[in-house]
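Visitor: Please show me the model and take me through some of its parts.

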Amino acid sequence: MKKLSMQHPKLTLSDIYNNDVVYTARPSYVSNPWLNPEEHQSNFLTGRELIIANQIPVIVHEANVTDKLKILFDTIGKTMPTNIYTFYDQQSYEQTINKLAKQDRKRIYFQYIHNESILEQKYYAIDKDVFVALNNKARIPEWTNHKYLPARDVVNICDFEDAVSHWRFPFVVKPGDDLPTAGDYGVMICYNESDLTKAKSRIAEAQEETHTLIIEQKIEEIANYCVQFAYEKDEGIRYIGTSEQLTDEYGHYNGNENVHDVPESIIQAGREIMEIGVSKGFIGIAGFDLLLDKNGDIFAIDLNFRQNGSTSMLLLEPVIQDGYQKFYSYIAPDNNEHFFNTILKYVKNNHLFPLAYYDGDWYENGHVSSRCACIWHGKDKKEVACLEQQFLNELKV
């Protein structure tokens, strides 16, 4: 196989944070109606940033650091991470966080906020109030200086039925309070009455914990960008790249691909937003979902002041180097061994770069499907699309 470049990533998490910080990407075990992936998906997320973490310690589920990951990392010339703290269930996860914070005097960087009953906000690596405010969708106008905004109403959940009756399809409904969301969780695109009925059902399920909703214009975009920046005190704000988000008509996530010809207006809009976030006290990596329509107008539909799914792909570009790259995650359809061997084949063929592997066979009781987060890479989009389809066909055998 062709050797990957010996170049270093553009940036790693340990370049940003002090050595008393520990990172966790796991959503809280405490229920949230707008971020409720099943347990294995939440555990899987804890392994996604292991390569870009570098020296910063990471709290990771044990199923993410088995011999399977070692084999994959060995194949691409990466060593297994040693700067990790492992857990295996809710109790061990929460005990680990508390021990690190209260006994070892570490500060925790949470990808998703946790309830105060789990850990008090004084132990956060970033001021929790600032972090919550910057990621609150209802407050996007503040962080864009009231620019780049679709038409929108922010309404009390009790007033939603009346407010939405004045909107014409299509429109988007989102939660508008402090509860964390991710990916396409919590985004409800309504093209017709049937879609609205489904949205109302979801809202009813969340009404005990949600007080505010956003009704927003559905933009007919020609491109859906995630433009990303990093900030640390010594280097200031750095542009780390832009990916294009791949979604279906209902916003369901299908991965990210790298893009090279990003309009300067998109990059500048993202920089303006980052500057506002930094002025409020933000430190770290952020990615902003910016839509571009046929008129060249820009619309900010989501601001994620935290790592994004495609962050690793952008940071690892000097290592991978191939012209076209696509980030995505896969779940074993049935046979975990066949799933792993198929992934390993494409890693050895130098078309798949593994980021994380959640080993379902770590579990001894009952079947758990393995999962893999990875970056496809090749000379162009057509080549990678053919390889991915071939890969998917092989998984079915």
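Guide: Helices (H or I, at least four residues) and strands (E, at least two) are DSSP runs, numbered from the N terminus. This is a predicted model, where local features need pLDDT of at least 70, side-chain atom pairs count only at pLDDT 80 or more, and totals for chains, interfaces and linings use all residues. Residues are numbered from 1 along each chain as its sequence is written, and side-chain values use heavy atoms, with hydrogens and water left out.

Visitor: Which loop holds Tyr148?
Guide: Tyr148 has a positive phi of about 60°, although it is not a glycine. At 16% relative accessibility it counts as buried (under 20% relative accessible area; exposed is over 50%, partly exposed in between, with a 1.4 Å probe and protein chains only). Its place is the loop between H6 and E5.

Visitor: Is His146 buried or exposed?
Guide: His146 is found in the loop between helix H6 (140–143) and strand E5 (152–156). His146 is not a glycine, yet has a positive phi of about 60°. With a relative accessible area of 60%, His146 is exposed.

Visitor: Where is Pro170?
Guide: The peptide bond from Phe169 to Pro170 is cis, with omega near 0°. Pro170 is in the loop between helix H7 (160–164) and strand E6 (171–175).
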